[in-house]
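Reader: Hi! Could you walk me through this one? I'm new to reading structures.

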Amino acid sequence: MRIVVAHPRAEAREQWVRMLGELLPQAQVEGWAPGSAPADYAVGWLDEPGFFDEQTRLRAIFSAGAGVDHLMKQPGLPPQLPVVRLEDAGMGPQMIEYCLHEALRVQRRFDDYAAAQCEGAWRPLPALARTELTVGVFGLGVLGTQVASALAAFGYPVRGYSRSPKAIEGVDCFDERSGLRAFLGACRMLVLLAPLTEATRGLFDAERLGWLPAGAWLVNVARGPLIVDDALLAALDTGQLAGATLDVFAEEPLPPDHPFWRHPKVRITPHVSAMTLVEVSAPQVARKILALERGEAVGGLVDRRRGY
Ligand code: NAP
Ligand code: GLV
């Protein structure tokens with residue numbers, strides 16, 4: 001069995017190759033480069049337009065992330081090729097930490113104190129009670145469910161939205177039948193945690209951002225193109241949004257001249273809210289390769305029609 005690992009970061013590529021080689025000693029595991037011999041399985045984060053011209057005998061491809069939009073946009077991705085994504089793989093706890101941090105930032109007004117410190121001002125302010133910060137989680141999948149449950153357990157009123165109906169203890173669940181507008185109407189903080197697909201691209205435009213309560217806070221840990229950047233900037237400037245925490249962007253790295261960098265109401269992190277932990281992910285992928293070899297079904301199989 002031959003496995004190729006494609007990854008734009010050499011360090012990550014080498015770690016995947018080493019770990020999969022240890023876990024699957026019967027396999028020949030190599031880093032992919034143009035001209036690599038055809039393999040049975042591929043693993044990675046694809047940024048290589050010619051990849052599928054050469055890799056013509058793959059039995060499955062595994063994303064090195066929870067998201068698969070990087071794979072879905074690759075030219076030549078065979079329509080029948082099984083695409084498998086990471087399921088949690090240690091990302092859930094990271095997402096919980098990140099989103100809880102942002103909820104506390106807003107609820108305890110830490111940005112106001114940072115601004116007061118810059119002025120040398122001793123300025124106690126009334127905090128919001130936890131019960132006053134309703135958090136909405138858009139996307140109740142593997143990660144969104146963990147974030148929603150953790151924030152609810154911490155005492156925030158939490159609502160969530162997904163394509164199909166869900167029931168999650170402590171979370172007020174909305175879906176396409178109840179409607180996005182009803183969901184957004186009470187979110188003082190909105191966390192985006194849904195995949196980038198044709199249905200979610202540009203969904204958070206001026207109209208949808210206008211459905212949030214005035215002064216809401218937006219957290220995007222999903223993918224940049226879910227938001228229309230100009231609409232977000234306008235909503236921040238009018239005060240419709242009090243602020244935004246952005247971990248993901250339409251173009252990454254975020255270009256140096258992008259207005260988000262210097263906007264006083266924007267907090268930026270460089271796509272780190274939940275990083276791929278190769279030491280957890282490689283065993284998950286190895287288990288799934290062995291299951292596929294035995295002819296068994298595996299979790300995390302992407303529905304190519306839905307795009308996630
Ligand atoms: P997942 O398990 O596939 O869950 C996706 C959720 O989004 C599901 O609840 C799904 O609804 C919902 N959804 C999909 N399309 C929708 C639509 N059009 N309207 C409403 N809801 C929709 O994915 P996951 O593992 O939780 O990961 C979610 C995303 O997070 C990934 O795709 C990736 O882009 C992003 N991510 C980012 C980072 C980072 O570091 N920034 C790290 C990991 C993941 P159903 O339940 O009805 O199918
Ligand atoms: C990271 O963005 C991922 O999709 O895992």
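**A chat about the sheet, a helix and a ligand**

Author: Happy to! In β10, Trp217 is the bridge partner of Met189. Strands here are DSSP runs of E with at least two residues, and helices are runs of H or I with at least four, numbered from the N terminus. This is a predicted model, where local features need pLDDT of at least 70 and side-chain atom pairs count only at pLDDT 80 or more, while totals for chains, interfaces and linings use all residues. Residues are numbered from 1 along each chain as its sequence is written, chains are lettered from A and ligands numbered from 1 in the order in which they are written, and side-chain values use heavy atoms, with hydrogens and water left out.

Reader: Which way do the side chains of β9 point?

Author: From β9 (residues 189-192), Met189 and Val191 point one way, Leu190 and Leu192 the other way, and all are buried. Buried means under 20% relative accessible area, with a 1.4 Å probe and protein chains only. In a regular strand, side chains alternate between the two faces of the sheet.

Reader: What's the order of the strands in the sheet?

Author: The open sheet has 7 strands, ordered β8-β7-β6-β9-β10-β11-β12, with parallel pairing. β8 (171-175) and β12 (266-268) are at the edges with a single partner strand each, so one side of each has no neighbour in the sheet.

Reader: Switching topic: which residues of helix α9 are buried?

Author: In α9 (residues 229-238) they are Ala231, Leu232, Leu233, Ala235 and Leu236. These pack against α8 (206-209), β10 (216-220), β11 (241-246) and β12, where contact means heavy atoms within 4.5 Å.

Reader: Which residues are around ligand 2?

Author: They are Trp45, Gly65, Ala66, Gly67, Met91, Arg223 and His271, each with a heavy atom within 4 Å of the ligand.

Reader: Where are the polar contacts?

Author: A polar contact here is a pair of N or O atoms within 3.5 Å. An oxygen atom of ligand 2 is 2.6 Å from a side-chain N or O atom of His271. A polar side-chain atom of Arg223 lies 2.8 Å from an oxygen atom of ligand 2.

Methods:
Two strands pair if DSSP finds at least two bridges between them. Buried means under 20% relative accessible area, exposed over 50%, partly exposed in between (1.4 Å probe, protein chains only). A polar contact is a pair of N or O atoms within 3.5 Å; within protein, one must be able to donate a hydrogen and the other to accept it, and residues adjacent in sequence count only if both atoms are side-chain atoms.
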